[in-house]
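This report describes selected local features of one protein structure. The sequence and the structure are shown first.

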Amino acid sequence: MTTKSIPLTNELHAYLVAHGSPPDEIIRDLAEETRSVLPEHATMQVAPEQAAFLTFLTRLLDVRQAVEVGTFTGLSSLAIARGLPEGGRLTCFDISEEFTGIARRYWARAGVQDLIDLRIGPAADGLRELPHERHLDFAFIDADKTGYPIYWAELVPRMRPGGVIAVDNVLRGGRVIAPQDAGDRAIAAFNDEVLADVRVDPVMLPIADGLTLARVR
């Protein structure tokens with residue numbers, strides 16, 4: 001098989017975003033504030049087309065109970081919350097009051113703050129405090145890369161049959177095929193773990209820095 005996803009130039013990426021679900025004023029302002037206030041961390045923010053995809057996916061799956069591991073300044077959580085129905089709930093785990101302080105302002109501006117439960121502290125500990133029954137419809141992992149196996153281990157048993165886990169940065173800028181640091185090596189090993197996990201049906205997509213979707217059996 002020789003057909004593959006085409007590389008995106010800046011111009012083609014702009015076209016893709018404009019012809020998908022273009023960012024509204026709230027998302028544009030959040031992205032710009034993140035770049036201006038936290039320039040050294042701005043690459044941690046999900047891509048605009050990825051945010052649109054998260055909203056689409058949340059609606060498609062009729063998600064009512066969701067979890068996010070790694071919230072940063074709130075773009076991905078905002079996107080997920082916008083896809084929730086009335087009565088839906090998103091539980092977010094992050095360790096930074098500074099970063100999530102920005103997120104809180106934009107959640108309020110978008111009117112989704114009442115759908116989000118932000119818990120500050122180590123995500124592994126927070127996940128272990130969740131009910132053990134299979135109740136989650138959707139989970140998004142986008143945090144410290146060496147922690148991915150731990151988050152995966154806690155989330156899979158809590159996902160309902162047919163629930164989906166989305167995992168970000170699974171290509172590491174292409175370095176998964178030649179890891180250069182601990183994060184690269186962790187993701188390469190994690191990708192192998194997901195592929196071998198008989199509890200899920202995974203697919204890896206070339207969205208932004210690579211996004212794995214795993215449907216729980």
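## Basis

This is a predicted model, in which local features need pLDDT of at least 70 and side-chain atom pairs count only at pLDDT 80 or more, while totals for chains, interfaces and linings use all residues. Residues are numbered from 1 along each chain as its sequence is written, and side-chain values use heavy atoms, with hydrogens and water left out.

## Helices H2 and H5

Helices (H or I, at least four residues) are DSSP runs numbered from the N terminus. Helix H2 (residues 25–37) and helix H5 (residues 97–110) have axes that come within 10 Å and cross at roughly 170 degrees. This makes H2 roughly antiparallel to H5. On the H2 side, the contact is made by Glu25, Ile26, Asp29, Leu30 and Glu33, and on the H5 side by Ile102, Arg105, Tyr106, Arg109 and Ala110.

The axes are lines fitted to C-alpha atoms over the stretch in contact, with angles from 0 to 180 degrees between N-to-C directions. Angles over 145 degrees count as roughly antiparallel. Contact means heavy atoms within 4.5 Å.

## Salt bridges

A salt bridge is a side-chain nitrogen of Lys or Arg within 4 Å of a carboxyl oxygen of Asp or Glu. The count by this rule is 16 salt bridges. One of them joins the side chains of Arg82 and Asp24 (2.8 Å, N to O). Because Arg82 lies in helix H4 (residues 75–82) and Asp24 in the loop between H1 and H2, this pair ties together parts that are 58 residues apart in sequence. Arg82 is partly exposed at 24% relative accessible area, and Asp24 is partly exposed at 30%.

Glu154 belongs to helix H7 (residues 148–155) and Arg128 to helix H6 (residues 123–128), 26 residues apart. Glu154 is buried at 16%, whereas Arg128 is partly exposed at 41%. The side chains of Arg199 and Asp197 meet in a salt bridge as well (2.8 Å, N to O); Arg199 is partly exposed at 36% and Asp197 is buried at 11%. Through salt bridges that share partners, Asp125, Arg128, Glu154 and Arg158 are joined into one network.

Tyr151 lies in helix H7 and is buried, with a relative accessible area of 7%. Apart from neighbours within four places in sequence, Tyr151 is in contact with Val69, Ala123, Ala124, Leu127, Ile141, Ala143 and Asp144.

Asn191 is in helix H8 (residues 182–196) and counts as buried at 14% relative accessibility. Not counting residues up to four places away in sequence, Asn191 touches Val170, Val176 and Met204.

## A nonpolar surface patch

Ile6, Leu8, Leu12, Tyr15 and Leu16 form a nonpolar patch on the surface, with about 470 Å² of accessible area together. Ile6 sits in the segment before helix H1 (10–18), and at 60% relative accessibility counts as exposed.

Patches are made of residues with over 30% relative accessible area and no salt bridge; nonpolar side chains (Val, Leu, Ile, Met, Phe, Trp, Tyr) are joined within 5 Å, and like charges within 9 Å. Accessible areas come from the Shrake-Rupley method with a 1.4 Å probe, and for residues only the protein chains shown count as cover.

Technical notes: Helices (H or I, at least four residues) and strands (E, at least two) are DSSP runs, numbered from the N terminus. Buried means under 20% relative accessible area, exposed over 50%, partly exposed in between (1.4 Å probe, protein chains only). Angles under 35 degrees count as roughly parallel, over 145 as roughly antiparallel, 65 to 115 as roughly perpendicular and the rest as oblique.
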